[in-house]
Amino acid sequence: MRRAALIIVPSLAVCGALAACGPSSPAAQPPRSTPATTTTTSAPSVPAPPLPTPATTATCPYLDPVTAEDDNGQHVTTVKISAPDGQSEPSCFFYRPDGHWQLTVWVYSGSPAVAKAIVNSEAPVATSNPATDPAGWQGGAEPTASGAVYAVAKGGDAVVVITNQKQTIKARLVTDHVVSTLGW
């Protein structure tokens, strides 16, 4: 009888510890429409530019449709890009065979403060899961109402991948390919 009591007590302690490490409830997370703010000691926060919108049907210069299909898990039939708005690279939008959107890739290169603001606007670092891949990049990853987002910045560069899939791993895989292709 004494042996059984010794087994139960540590088991309960392990269960309690594991429960404390579980994912937070959706109610504990702020809604995505609430803009996040960052606090830095060296400079005031900068507002993030709005998410680009698709403008024309074209080839994405840094992510081919086959890689997008493999990473996101859905066939791609149409790719649209945004007007670069002063950026060297457009944002890319991938659509599945039924015409519905499945994947957006937003790249930014410029001010480090704006790059961080973009990441915080899409996956607030304070409330999302830490994103540290590729090596040297930092940001956040989280499921959203319509899928998931993975957003990271390094210096003045930022990559935001928004997917209709609930797994942030799919967005991370796309991010890895984009960073590699751009040579960042």
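How many bridges join strand E5 to E6, and in which sense do the two run? Let's find out on a short tour.

**Before you click**

You are looking at a predicted model, in which local features need pLDDT of at least 70, side-chain atom pairs count only at pLDDT 80 or more, and totals for chains, interfaces and linings use all residues. Residues are numbered from 1 along each chain as its sequence is written, and side-chain values use heavy atoms, leaving out hydrogens and water.

**Stop 1: E5 and E6**

Select residues 129–131 for strand E5; three bridges join E5 to E6, and the two run antiparallel. Strands here are DSSP runs of at least two residues (E), and helices are runs of at least four (H or I), numbered from the N terminus. Strands pair if DSSP finds at least two bridges between them. Click Pro-130 and you will find its bridge partner in E6, Gly-140. Then follow the hairpin of E5 and E6, with six residues between the strands, to Gly-136, which takes a positive phi near 90°.

**Stop 2: along E6 to E7**

Now select residues 138–144, strand E6, where five of the seven residues are buried (under 20% relative accessible area with a 1.4 Å probe, protein chains only; exposed is over 50%, partly exposed in between). A hairpin of two residues leads from E6 to E7. Strand E7, residues 147–154, pairs with E6 in the antiparallel sense over seven bridges. Look for Gln-138, opposite Ala-153 in E7.

**Stop 3: the whole sheet**

Zoom out to see an open sheet of eight strands in the order E1-E2-E3-E4-E8-E7-E6-E5, with antiparallel pairing. Its edge strands are E1 (56–57) and E5, each pairing on one side only.

**Stop 4: H2 and H4**

Finally, select helix H2 (residues 65–72) and helix H4 (residues 168–182), which pack at about 150° with their axes 8 Å apart. Axes are lines fitted to C-alpha atoms, for helices over the stretch in contact, and angles run from 0 to 180 degrees between N-to-C directions. H2 and H4 are therefore roughly antiparallel (angles over 145 degrees). Show the side chains of Thr-67, Asp-71 and Asn-72 in H2, which meet Lys-170, Leu-173, Val-174 and His-177 in H4 (contact means heavy atoms within 4.5 Å).

Technical notes. Angles under 35 degrees count as roughly parallel, over 145 as roughly antiparallel, 65 to 115 as roughly perpendicular and the rest as oblique.
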